[in-house]
Amino acid sequence: MTVRQIRMFADPVLRSVAEPVTVFDRSLRDLVRSLTATMRAGPGRAGLAAPQIGVPLRVLAFDLDGKAGHIVNPRLEMSHRMIVADEACLSAPGMWWPRARSFSVVVRGRNMYGKPITVRAIGLLARVLQHEADHLDGVLFIDALPDEDKRRFLAAIP
């Protein structure tokens, strides 16, 4: 398990759409283990997507409130109930901004061995899963912010 460097906000890899995983082999299992180790290497880390460590594949890891795992090729079904809460990103450390997200989500995908999995989440875990899935599509959490908030966010990036 290798802890990898997290790519920072301006890195173009974060704006790329990740490729679906088609081969469930040892290299994928190594990626999942590295993704999980990197996510857990610092305080306050609840989720991480493969593009954040420079790997353009549709893989994410999560660990929050006793619910931990990974999802390969996730597909999200989001509730219509929205909630606004502060959100942060490991690719922009220390930056928190309010963001509307679905309160609950059902995520379907596969595990690192190719077996189907389903994760049902509410509240903060639902937010984490949506945030990480956005990374797989090259979407950053500031994309949904009003223009003035985007300008303030970009101006505050070190």
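By class, 6 nonpolar, 2 polar and 6 charged residues make up the lining of the second largest pocket. Nonpolar here means Ala, Val, Leu, Ile, Met, Phe, Trp, Tyr, Cys and Pro; charged means Asp, Glu, Lys and Arg; the others, Gly among them, are polar. The model is predicted: local features need pLDDT of at least 70, side-chain atom pairs pLDDT 80 or more, while totals for chains, interfaces and linings use all residues. Numbering runs from 1 along each chain as its sequence is written, and side-chain values use heavy atoms, without hydrogens and water.

A pocket is an open set of points on a 1 Å grid over the protein atoms alone, where a 1.4 Å probe fits, with protein on both sides within 12 Å along at least five of seven lines; lining residues have an atom within 4 Å of a point. Of its 14 lining residues, Leu76, Met78, Arg101, Gln130 and Asp134 are closest to the centre. Strand S3 (67–78), S5 and H2 each give two or more. Helices (H or I, at least four residues) and strands (E, at least two) are DSSP runs, numbered from the N terminus.

Now the largest pocket. Its volume is about 420 Å³. It is lined by 23 residues, with Gly44, Ala46, Ala88, Cys89 and Leu90 nearest its centre. Strand S4 (82–89), strand S5 (92–102) and helix H2 (123–136) each supply two or more lining residues. H2 gives the most, with 6. The lining divides into 12 nonpolar, 6 polar and 5 charged residues.

Conventions. Grid points are joined across faces, edges and corners, and a volume is the space filled by probe spheres set on the points.
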